[in-house]
Amino acid sequence: MTREPAHEWPVVETEREYETGWYTGGYDRVRQPDGSEKDYYWAELPDAAVVVATTGDELVMVDQYRPTIREQCLELPAGIVEDDESYTTAGARELREETGFEAAGVSLIEEFSCSTGVLRHRRGIVFAEGLEPVDRELDDNEFLSVTTVPIDEALQVARREPANDATIEGILLAQADGLL
């Protein structure tokens with residue numbers, strides 16, 4: 001459902017201040033409803049798929065070091081949606097590459113915008129089931145191990161520090177849809 005804005009917020013200027021291989025950052029100078037102008041900074045990232053994959057009684061997770069926060073993290077498998085991929089195609093690919101599981105069935109649970117105060121980034125939560133082992137194909141920057149967690153403990157495990165937003169979201173949405 002698209003809602004009409006309550007006020008006009010015309011963009012006076014857009015400035016891309018930096019671009020990396022991972023994201024673009026900049027600001028929009030916006031005219032606010034009271035007529036004043038303000039710079040709203042943003043970072044633009046590619047869409048990402050997060051995979052809630054179940055073996056039936058257990059949830060598949062990956063354990064990896066995150067240099068950004070300098071912490072070892074237990075997370076749901078996830079990755080970037082490549083050009084012309086859907087969330088489900090990207091999720092199935094990331095699951096296979098990171099965990100070595102091929103899913104017989106993959107479905108989209110939800111897609112949404114993340115951290116809308118600063119990010120231009122969309123995330124799709126994907127559910128995968130009917131897992132069969134295959135060879136992993138890790139990217140050159142992926143150093144991770146695969147583990148499983150009993151489904152009835154998954155949310156409790158996901159809430160342990162350092163908690164990860166995508167992992168908590170994925171588990172909660174899958175639970176809300178009756179998938180876990």
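Predicted model: local features only at pLDDT ≥ 70, side-chain atom pairs only at ≥ 80, totals over all residues.
**The cysteines**

Let's start with sulfur. How many disulfides does the structure hold? The count is zero. To be called a disulfide, two cysteine sulfur atoms must lie within 2.5 Å. For cysteine 73, the closest cysteine sulfur belongs to cysteine 114 and is 16 Å away, so the gap is too far for a bond. Seen from the other end, cysteine 114 has its closest cysteine sulfur in cysteine 73, again at 16 Å. Are these residues buried or exposed? Cysteine 73 is buried, and cysteine 114 is buried too. The table puts their values side by side.

| Residue | Relative accessible area | Closest cysteine sulfur |
|---|---|---|
| Cysteine 73 | 2% | cysteine 114, 16 Å |
| Cysteine 114 | 5% | cysteine 73, 16 Å |

**The sheet**

Now have a look at the strands. In general, strands of a sheet pair through backbone hydrogen bonds, and they may do this in a parallel or an antiparallel way. Here, four strands make an open sheet with mixed pairing, and their order is 1-2-3-9. Strand 1 (11-19) and strand 9 (119-120) are the edge strands, each pairing on one side only. Strand 2 (residues 24-31) and strand 3 (residues 37-44) run antiparallel and are joined by eight bridges.

**A glycine after helix 3**

Where is glycine 178? Glycine 178 sits in the segment that follows helix 3 (165-176). With a relative accessible area of 58%, glycine 178 is exposed. Between glycine 178 and glutamate 75 there are 103 residues of separation in sequence and 20 Å in space, taken from C-alpha to C-alpha.

How values were computed:
Residues numbered from 1 in each chain as written. Heavy atoms only, no water. Buried < 20%, exposed > 50% of the residue type's maximum accessible area, 1.4 Å probe, protein only. Pairing = 2+ DSSP bridges. Helix = DSSP H or I, 4+ residues; strand = E, 2+ residues; numbered from the N terminus.
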